[in-house]
Amino acid sequence: MKDFDTQNKYNAERWYAVVDIVLCLFLMGMYLFIAYPSFRRIDIVSLVGLGVCIVCFVVFIIKTDWWPLLVLPHYCFALWMAFFGNVELSALSVLAAAGLALVRGFFREHWMPKVFVGIGVYLAFVISQIRFSIITMFSTLACSIFLCGILVVLVLEMRRSVRDMLPPEIRVPAKAETQSEIFLADYELSQRDLYALYAVLHGQTYPVIGDKLYCSTSTIKQIMRRIYQQFGVSDRSHFVELLSQYKIVPPEWYRVPEEFSSPVQPAAAQTDSAD
């Protein structure tokens, strides 16, 4: 089911790229119609930029893993419009770029530096509009803040739906409020991951789990760190506290060891440093 949803998302992005190509071709046609036969330098640069965008979108349609080719043209176009004082197009383009990057999980790791760098570069182009007027500069800035604020509000309201796109520290666990069970089959967990998960829930330390799985303590820490991220928590105590509130349903193919047959108790939580 998850693969089917992912494929649908990629197909939607491909259609989005097709729309972008049509718009770029339309703009190129307008430039050629208006500027012909005397082309200024800005007209030539704009035509070349639109051509590069079309190439990027075509490559993305063929190779969806190269998703920055879909995001970067929108952000570059936003900078171009900000530099020349086009308030509406600039703000809408930067919003589209941020939304596409979010969908592709660009902000899952090291999100704060990425956000600050992107905002910093965009602000530099907005401030360059002071050569037109201070009013133009502030109108672009206000419009951009308003639209990006809408994006932030939507993400916060829909965190449960977009949790896989968000950094682990601001995710919401993937469960409905009325749900009384957690189905481990919905997560990407191997047989070794499942044993480590149950062992942690029942209070076993990382060295003990490592001995039983014939691997090092550092390997167990890496396994659990990956599991914590999938459940949207940062450490063992929050992980045990979260899962102790639900009935844990293992995948059909996994047989839970007898030693882990008892229900999970919150008191089983320990600090990671103790391991």
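Predicted model: local features only at pLDDT ≥ 70, side-chain atom pairs only at ≥ 80, totals over all residues.
Residues are numbered from 1 along each chain as its sequence is written. Local features require pLDDT of at least 70 and side-chain atom pairs pLDDT 80 or more, whereas totals for chains, interfaces and linings use all residues; side-chain values use heavy atoms, with hydrogens and water left out.

Helices (DSSP runs of H or I, at least four residues, numbered from the N terminus) α2 (residues 41–62) and α3 (residues 68–83) pack at an angle of about 160 degrees, their axes lying 8 Å apart. Axes are lines fitted to C-alpha atoms over the stretch in contact, and angles run from 0 to 180 degrees between N-to-C directions. The two helices are therefore roughly antiparallel (angles over 145 degrees). The contact (heavy atoms within 4.5 Å) involves I42, V45, S46, C53, C56, F57, V59 and F60 of α2, together with L69, L70, P73, H74 and W80 of α3. By class, 11 of these residues are nonpolar, 2 are polar and none is charged (nonpolar: Ala, Val, Leu, Ile, Met, Phe, Trp, Tyr, Cys and Pro; charged: Asp, Glu, Lys and Arg; polar: the others, Gly among them).

A nonpolar core is a set of buried Ala, Val, Leu, Ile, Met, Phe, Trp, Tyr and Cys residues joined through side-chain atoms within 4.5 Å, buried meaning under 20% relative accessible area with a 1.4 Å probe, protein chains only. The largest such core has 31 residues, and L184, L197, M224, F231, F239 and L243 have the most contacts inside it. Two or more residues each come from α7 (191–201), α8 (206–213), α9 (217–231) and α10 (236–243), with the largest share, 8 residues, given by α7. Beyond its neighbours within four places in sequence, M224 contacts A196, L197, V200, Y206 and F239. A second, separate core of 26 residues includes F57, F60, Y75 and A101.

Definitions and conventions:
Parallel < 35°, antiparallel > 145°, perpendicular 65-115°, else oblique. Buried < 20%, exposed > 50% of the residue type's maximum accessible area, 1.4 Å probe, protein only.
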